[in-house]
Amino acid sequence: MTRGWWTGRRDALLSALARELLLWGEDVLDDPGAGEIATLLAEIAERAAADRRDPALADAARLLDAAARECARADRFLGAFLPQVVRHLRAALALLGQARALLMDRQVLVGGAPVAR
């Protein structure tokens with residue numbers, strides 16, 4: 001049985017999101033799922049929101065939280081409608097990129113982990 005385009009796209013986005021989590025200090029995920037990524041993003045957002053050293057962290061925390069919600073939405077559609085899953089995962093990846101871009105020029109640690117450049 002061959003995999004469809006939507007399945008391949010979903011898997012590629014999940015892998016890209018898992019790689020982004022490494023930049024925020026999370027461990028390598030084996031076969032990550034949207035729900036697992038959503039949970040980790042929510043935890044990262046909480047740590048960033050609690051850190052008051054840099055005002056940009058509050059903005060990044062809001063973007064991280066929005067990315068977590070997008071992943072949770074994708075998780076609800078898994079097994080039902082892959083184009084919707086892909087849409088939410090793509091949105092989450094874009095939000096993560098925006099959050100990282102906010103902190104790119106700063107030497108900021110989120111929860112003890114440096115935000116990679």
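Modeller: Let's start with axes: for helices they are lines fitted to C-alpha atoms over the stretch in contact, and angles run from 0 to 180 degrees between N-to-C directions. The model is predicted: local features need pLDDT of at least 70, side-chain atom pairs count only at pLDDT 80 or more, and totals for chains, interfaces and linings use all residues. Residues are numbered from 1 along each chain as its sequence is written, and side-chain values use heavy atoms, with hydrogens and water left out.

Biologist: Good. What does the secondary structure of the protein chain come to?

Modeller: Helices (H or I, at least four residues) and strands (E, at least two) are DSSP runs, numbered from the N terminus. Here there are four helices and two strands, and along the sequence they follow the pattern α-α-α-α-β-β.

Biologist: How do I read the span of a helix?

Modeller: The expected span is 1.5 Å times one less than the number of residues. With 19 residues, α1 reaches 28 Å from first C-alpha to last, close to the expected 27 Å. The 17 residues of α2 reach 24 Å, close to the 24 Å expected. For α4, 22 residues reach 32 Å, and that is close to the 32 Å expected.

Biologist: Now the packing. At what angle do the axes of α3 and α4 cross?

Modeller: They cross at roughly 165° and come within 8 Å. That makes α3 roughly antiparallel to α4; angles over 145 degrees get that name, those under 35 count as roughly parallel, 65 to 115 as roughly perpendicular and the rest as oblique. The crossing of α3 and α4 is left-handed, meaning that the near helix is turned anticlockwise from the far one by less than a right angle (clockwise would be right-handed). The residues of this contact divide into 19 nonpolar, three polar and three charged. Contact means heavy atoms within 4.5 Å. By class, Ala, Val, Leu, Ile, Met, Phe, Trp, Tyr, Cys and Pro count as nonpolar, Asp, Glu, Lys and Arg as charged, and the others, Gly among them, as polar.

Biologist: And how do α1 and α4 cross?

Modeller: The axes of α1 (residues 5–23) and α4 (residues 82–103) come within 9 Å and cross at roughly 25°. These two helices are therefore roughly parallel to each other, and their crossing is left-handed. Contributors from α1 include Trp6, Arg9, Leu13 and Leu17, while those from α4 include Leu82, Val86, Leu89 and Leu93. In this contact there are 14 nonpolar, one polar and five charged residues.

Biologist: Which residues in α1 meet α2?

Modeller: First the geometry: the axes of α1 and α2 come within 11 Å and cross at roughly 25°. That makes α1 roughly parallel to α2, in a left-handed crossing. On the α1 side are Leu14, Leu17, Ala18 and Leu21, and they meet Ala34, Ile37, Leu40, Leu41 and Ile44 in α2. This contact has nine nonpolar, no polar and no charged residues.

Biologist: Could we look at one residue? What is alanine 18 in contact with?

Modeller: Alanine 18 lies in helix α1 and counts as buried, at 10% relative accessibility. Leaving aside neighbours within four places in sequence, alanine 18 is in contact with Leu29, Pro32 and Ile37. Over in helix α2, alanine 48 is also worth a look: at 1% relative accessibility, alanine 48 counts as buried.

Biologist: And backbone angles? Which value does phi of aspartate 31 take?

Modeller: Most residues other than glycine have a negative phi, and most peptide bonds are trans. Phi of aspartate 31 is near 50°, a positive value in a residue other than glycine. Aspartate 31 sits in the loop between α1 and α2 and counts as exposed, at 73% relative accessibility. Just after α1, glycine 25 takes a positive phi of about 90°.

How values were computed. Buried < 20%, exposed > 50% of the residue type's maximum accessible area, 1.4 Å probe, protein only.
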